[in-house]
Amino acid sequence: MLTVGQIVKPQGIRGEVKVKTSDPSRFCVLKSVEVNGKPYRITGARVSGADAFIKLEGVDDRNAAEALRGAMLKIDRAAAAPLDAGEFYVADLIGAQLVARDGEVTEKVGTITKVDSFGAADVFTVEGEKSLSFPFLKALNPEFSESEKTLYVDKKKLSEVSVYEN
């Protein structure tokens, strides 16, 4: 299952919910989602700017929508949009190895154990000899090898943006 959004709040009185997501238009083509382990059919969706508003079957009033506040929306991987070359799903990075590169020299940093989304950038937590967190930025020149389950990043840039925990 892939997480594709989070319910932010109820919208109106008929059970519609506002969803925080990186791609609001995806809900216009999705047929169903899973919320708190329960499948829901999407009966309506609209996009307004960067926001998605969806109506879930069986969520018919503001109270029912309020009960879903904060819940994550998940979809089956088969329903996910196809990826372009060089793209990957954040879910694929959990459990992947983080390797820092300096030219041809590589250094294993640790295992990615958690990814938090705070808006401006996702923040990765890595457990290894030293635990660290870092924002996922294009400046890191990230390259993900799905076959190796390894994320490669620029060593110098990683040292500039990382926060070490121990």
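Which residues does S162 touch, not counting residues up to four places away in sequence? In this predicted model, they are L132, S133 and F134.

**View 1. S162 sits in the loop between α2 and β13.** Helix α2 spans 155-161, and strand β13 spans 163-164. S162 is buried, with a relative accessible area of 13%; the cut-off for buried is under 20%. Its side chain reaches back to the backbone oxygen of L158, at 2.6 Å.

**View 2. Seven strands form an open sheet.** The order is β11-β12-β7-β8-β9-β10-β13, with mixed pairing. β11 (143-145) and β13 stand at the edges. Each has a single partner strand, so one side of each lacks a neighbour in the sheet. Within the sheet, β7 (residues 97-102) and β8 (residues 105-117) run antiparallel, joined by six bridges. V99 stands opposite K108 in β8.

**View 3. Ring pairs link F124, F134 and F136 into a cluster.** The structure holds two aromatic pairs. In one, the ring centres of F124 and F134 are 5.3 Å apart and the planes meet at 35 degrees, so the pair is tilted. F124 lies in strand β9 and F134 in strand β10, ten residues apart. F124 is buried, at 1% relative accessible area, and F134 is buried, at 0%. In the pair of F124 and F136, the centres are 4.9 Å apart and the planes at 15 degrees, so this pair is stacked. F136 belongs to the loop between β10 and β11, twelve residues from F124. F136 is partly exposed, at 22%.

**View 4. Charged side chains sit over rings.** The charged end of R46 is over the ring of F53, 4.3 Å from its centre. K130 lies over the face of Y164, at 5.7 Å from the ring centre.

Key: Residues are numbered from 1 along each chain as its sequence is written. This is a predicted model: local features need pLDDT of at least 70, side-chain atom pairs count only at pLDDT 80 or more; totals for chains, interfaces and linings use all residues. Side-chain values use heavy atoms; hydrogens and water are left out. Helices (H or I, at least four residues) and strands (E, at least two) are DSSP runs, numbered from the N terminus. Buried means under 20% relative accessible area, exposed over 50%, partly exposed in between (1.4 Å probe, protein chains only). A polar contact is a pair of N or O atoms within 3.5 Å; within protein, one must be able to donate a hydrogen and the other to accept it, and residues adjacent in sequence count only if both atoms are side-chain atoms. Contact means heavy atoms within 4.5 Å. Two strands pair if DSSP finds at least two bridges between them. Rings of Phe, Tyr and Trp (its six-membered ring) pair if their centres lie within 6.5 Å; planes under 30 degrees apart count as stacked, over 60 as edge-to-face and the rest as tilted. A charge sits over a ring if NZ of Lys or CZ of Arg is within 6 Å of the ring centre and within 35 degrees of the ring normal.
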